[in-house]
Amino acid sequence: MNDKDIFSKVQETLAGALGVDREDVKPEASLTRDLGAESIDFIDIIFRLEKNFDIKIPSGELFPANILNDERFVKDGRVTPEGIAELKAKHPYLDVTSFSNDPQLTKLAEQFTVRMIVQYLQERLAKKV
Amino acid sequence: MVAHKRNLDGLFSDKAGGILRFPGGRVRGIGIDLVSCRRMAAFLKRHREKFSGRLLTKSERVLWQRKKYAVEWFAKFFAAKEAFFKTGNNAWMGVDGFRAIEILPMRNNHFSVRAAARFNGRGAKSYGRFFGTQKWIGAFVVICK
């Protein structure tokens with residue numbers, strides 16, 4: 001599957017899960033801010049991606065999860081510099097450049113973009129071949 | 001405005017009009033969540049196997065089975081878990097995070113939460129209450145220590 005096919009399938013998946021038009025699913029679109037996703041939608045998206053791409057997405061691999069329970073990485077509702085480093089290391093597809101200026105944990109989900117999903121899938125599918 | 005106030009009152013009082021009593025100790029966190037039953041029904045129709053297997057613990061699944069797989073009960077578990085996550089300011093804890101905590105329903109729509117210390121701190125206890133209508137199911141959780 002080439003990159004264009006992956007993006008097209010992601011568009012279809014997100015449009016179905018979030019009830020938005022395919023044209024709105026642009027690479028730079030934030031799942032929460034632009035496409036209106038809530039936490040229940042993240043689960044729906046993961047399950048749909050698993051089905052549509054025939055893969056298993058382990059917990060915390062696509063969207064960060066366990067990092068957020070670690071006191072080293074989150075303090076007083078903010079992600080620590082160590083946490084930012086951990087996010088960069090464990091989630092290379094997640095762009096935390098602007099997030100690091102005001103790393104409020106509640107705003108982290110705004111950084112989850114369509115591009116992040118596409119890049120994750122490109123690497124996962126490349127390994128599968 | 002009056003109706004809104006009544007709804008809010010409903011969050012904190014049981015059917016007999018008594019105030020929900022939490023165990024003593026300092027409140028460490030409060031979380032609340034609301035789920036659309038229609039939306040949950042659509043999700044269950046699509047992902048039933050994965051949803052129940054990956055989001056509910058074994059005893060929750062047994063209880064859900066006893067409730068004849070009612071959408072309302074799944075929505076209750078989901079809302080309660082989401083509300084619990086929010087007590088710690090962690091709105092997203094991953095798919096497996098849902099199975100790492102257990103909702104223990106009690107009488108009068110009350111419930112307690114069993115969770116590892118890493119979630120709510122050592123010695124902390126979490127309690128909550130379901131509320132809602134036919135269209136919406138909600139839950140709120142308080143963590144005390």
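In chain B of this predicted model, B:Glu60, B:Leu63 and B:Trp64 of helix H3(B) are in contact (heavy atoms within 4.5 Å) with B:Trp73, B:Phe74, B:Phe77 and B:Lys81 of H4(B). Sorted by class, this contact has five nonpolar, no polar and two charged residues; Ala, Val, Leu, Ile, Met, Phe, Trp, Tyr, Cys and Pro count as nonpolar, Asp, Glu, Lys and Arg as charged, and the others, Gly among them, as polar. H3 covers residues 58-66 of chain B and H4 residues 71-87 of chain B, and they pack at about 150 degrees with axes 9 Å apart. H3(B) is therefore roughly antiparallel to H4(B), a term for angles over 145 degrees. Axes are lines fitted to C-alpha atoms, for helices over the stretch in contact, and angles run from 0 to 180 degrees between N-to-C directions. Helices (H or I, at least four residues) and strands (E, at least two) are DSSP runs, numbered from the N terminus.

Chain B also has an open sheet of five strands, ordered S1-S5-S4-S3-S2, with antiparallel pairing; two strands pair if DSSP finds at least two bridges between them. Its edge strands are S1 (27-36) and S2 (101-105) of chain B. S1(B) pairs with S5 (residues 136-144) of chain B over nine bridges, and B:Asp33 has B:Ala139 in S5(B) as its bridge partner. Helix H2 (residues 37-55) of chain B lies across S1 and S5 of chain B, at about 75 degrees to S1(B).

Residues are numbered from 1 along each chain as its sequence is written, and chains are lettered from A and ligands numbered from 1 in the order in which they are written. Local features need pLDDT of at least 70 and side-chain atom pairs pLDDT 80 or more, while totals for chains, interfaces and linings use all residues; side-chain values use heavy atoms, leaving out hydrogens and water.

Note on methods
Angles under 35 degrees count as roughly parallel, over 145 as roughly antiparallel, 65 to 115 as roughly perpendicular and the rest as oblique.
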